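Keep the model open as you read.

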Amino acid sequence: MPKLYKNTFFYTLLMGLVAWACINPIKDFVQVDATSFTTIEADISDDAALSKVRLTSSSNRLTSQFSLPISKATVYVTDQNGVKTTFTEGTPTGTYYPSAGFKGVVGSSYKLNVQLLTGKSYESAVETMKAVPEIENLITRFETLEQYSKVDIRRAGFSVYLDFKDFQNEGDFYLWNWKHFEKIRLCATCTDGGRYDFKKLDCVQPRFPNDAILNYMCDGNCWDISTNNDLNVFSDVLTNGQRVVGRQVARIPFDNWTPYYFRLEQRSITRSAYAFYQSLISQIQSSGSLFDVPAETRFSLNIKSTTNPAEKVIGIFNVFSVKKKIFIIDRSKDIPVGELPIIPTVLGETYTCPPGSVGCQEKVPCMESNTRTKITPEGWVF
């Protein structure tokens, strides 16, 4: 089966390619010179929730994931008819979103323009959104990786494979992305004797730390979100017009018997985006870590500076169509005898208000973030 390439970079790279930033001085990277590159991560999709542009500054070689957002820029996209859509800065800082209701259209072409307060300006090549086929089928198979011991969570898991029918037109490129939502009971854990501060909405440490661990229940529905950390792309150069069978798109953990909520995205990407991702995959294979990859590997293939033609830009203008499908994976079927899930242990005790206390709070809010939400996931059936 095709191999998935491990890449911790992927989450921020696909929800927008990762924004690396230079904050000078920083101790944990080698800065060959004083250059700071502009990073532009731009997604235009026919799914309204996925279109955004993120702007940051980055150094030329990093072993750190700190980022310095670029704020107050002018950002807009123009289609083949000259229709201009302005992207407005939102949260987090340095991330720009289109007006409500905007979404790309298959067959339409788009061009990105960015102007910074410094006077620097950038533009992309024109990219056309290609259609993406439906996800036809998905199967899972329990598999063990014998190089890991039985107490290693990486050893046992469920490999996920899909089938789809490639279009007849040559030059189709694909990328897969997925999300898992898991309902949780505990929304905060304070270690070292800390307590939850309901005004600061965070744990505060005591004057004299100790080994105590306190867990706090959620004050309502809350889900943790996990995503793939694999970069998985595919070209139809050898399979044009054929049905692709058994393409591996994920490996999910055997960390419980419970059903696993799995939302899969199949994206059609442009030739430029495919080449960009392939260059990252090749470098990671040879270096072993994205942190060892020099910035020139991440130079954009379709964004350039219009104020300084010699300036190098990091990132990609990514125009894609997407199909999504939700699967509930049964993790109790076809498990070999003797194989047991490695269920995470909850350490510490759950906080409860002392008897007779007045105005005491013991449940904390579910804080919205990239890894947590109080919004019920689409298709949630549990």
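This is a predicted model. Begin with Cys187 and Cys218, whose link is right-handed, with 100° about the S-S bond. The pair connects distant parts of the chain. Cys187 sits in strand β14 (residues 186–190), and Cys218 sits in strand β17 (residues 214–218). They are 31 residues apart. The S to S distance is 2.0 Å. Buried here means under 20% relative accessible area. Cys187 has 11%, so Cys187 is buried. Cys218 is buried too, at 7%.

A disulfide joins Cys190 to Cys203, S to S 2.0 Å. Cys190 is in strand β14, and Cys203 is in strand β16 (residues 202–204). This pair also links distant parts of the chain, 13 residues apart. The torsion about its S-S bond is about -85°, so this disulfide is left-handed. Cys190 has 0% relative accessibility and counts as buried. Cys203, at 22%, counts as partly exposed.

Now move to the loops. Cys222 and Cys366 form a disulfide with sulfur atoms 2.1 Å apart. Cys222 lies in the loop between β17 and β18 (223–227), and Cys366 in the loop between β26 (363–364) and β27 (372–373), so the bond ties together parts 144 residues apart in sequence. The link is right-handed, with 65° about the S-S bond. Cys222 is buried at 0% relative accessible area. Cys366 is buried at 6%.

Step back to the whole structure. A search finds four disulfides. Counting bonded cysteines along the chain, the pattern is 1-4, 2-3, 5-8, 6-7.

Methods:
Residues numbered from 1 in each chain as written. Predicted model: local features only at pLDDT ≥ 70, side-chain atom pairs only at ≥ 80, totals over all residues. Heavy atoms only, no water. Disulfide = S-S within 2.5 Å. Helix = DSSP H or I, 4+ residues; strand = E, 2+ residues; numbered from the N terminus. Buried < 20%, exposed > 50% of the residue type's maximum accessible area, 1.4 Å probe, protein only.
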